[in-house]
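I opened the model and kept notes as I went. The entries below follow the order of my look-ups.

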Amino acid sequence: MVERHAVADNTHFLDLYDLQAYFVPAYFRHRFFPFLQTTSRSEGFNVVLKKYVHPHDSLVRFFKQYMKLQERIDVVEDGHEFDGDDKTVRLWCDYPMEKLILQTYTLPIYNRFQLELRKITSYNVRDIGVTEQGSMHEVIPIQGSVRGYGRRSYLVDADVTNEIFNCECCKINRDGILCCHAMKVMSHLGVVTKYPEHYVLPRWCLPPPDIVAPQDERQEKPAGQKLSSKEMRLLRYGNLCTYFAKLAVGLAASEKTNEIAE
């Protein structure tokens, strides 16, 4: 930059250049700060704490108030779970990986993923060359500015064999989901059949089901064996119990389906 702007004779800039090793990284792009901008990473949490904790509170009260905050977060997460179970979500495209993400991630994270997926229509891809691990591509805005990324282009290093796509924006490191630039290159290379497993964060995944349907298979009447009426009644009863137990798992998902069942 010093050479580009012809300020090599400016002592102030030269001193700053000599001190660059002591600079603190401004954006922490490789750190996990999901969906937060640089200034809001600390300010956002401070605003939340101020609603629950006073600066002169004791340590005991701080812990009690923090537990209330955690309870509120749990309520919000339960609400997101309910929305995900109660709503029918329409896929934006025919990419198989979008369907996989919908089945894997919570609804709020899927919505953010879908926004990134929509942005791939705002870019073109230019192949730069081959690297040791794969290929290098430049993702260029088609026109104007792209929301969240501006007017600049981004370089994406693609290793299709190992399903690794590294982008300059570092969104996968910062937010835990692939950026639109990496997905644009995936589309360009024709590898959109699945979402790389090593990019799936358990933090964003749907919780395991708290009600598990019985896995028992339907019992059939033994061939060549005659059963008494009592044994046939027990056989039918067991099969019906298994069937209705599996049916009840889906009916218990929401109040609406529960009312239908009743």
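I started with F113, which is buried at 0% relative accessibility. Buried here means under 20% relative accessible area, exposed over 50%, and partly exposed in between, with a 1.4 Å probe and protein chains only. This is a predicted model, where local features need pLDDT of at least 70, side-chain atom pairs count only at pLDDT 80 or more, and totals for chains, interfaces and linings use all residues. Residues are numbered from 1 along each chain as its sequence is written, and side-chain values use heavy atoms, with hydrogens and water left out.

Next I looked up aromatic pairs. The whole structure gave me four. Rings of Phe, Tyr and Trp (its six-membered ring) pair if their centres lie within 6.5 Å; planes under 30 degrees apart are stacked, over 60 edge-to-face, and the rest tilted.

I took helices as DSSP runs (H or I, at least four residues), numbered from the N terminus. Y195 is buried as well, at 2%.

Back at F62, I found it partly exposed, with a relative accessible area of 29%. F62, F63 and Y66 form one aromatic cluster.

I also checked for a charge over a ring. The charged end of R152 sits over the ring of Y154, 4.2 Å from its centre. The test asks for NZ of Lys or CZ of Arg within 6 Å of the ring centre and within 35 degrees of the ring normal.

Then cysteines. How many disulfides does the structure hold? I found zero. A disulfide needs two cysteine sulfur atoms within 2.5 Å. The sulfur of C179 has its closest cysteine sulfur in C169, 3.5 Å away, which is too far for a bond. C179 is buried at 3%, whereas C205 is partly exposed at 23%.

My last stop was helix 8 (residues 229–251), where I located Y243. L247 is found in helix 8 too, and is partly exposed at 37% relative accessibility. I read 9.7 Å between the C-alpha atoms of L247 and A261, which are 14 residues apart along the chain.

Definitions and conventions:
Helices (H or I, at least four residues) and strands (E, at least two) are DSSP runs, numbered from the N terminus.
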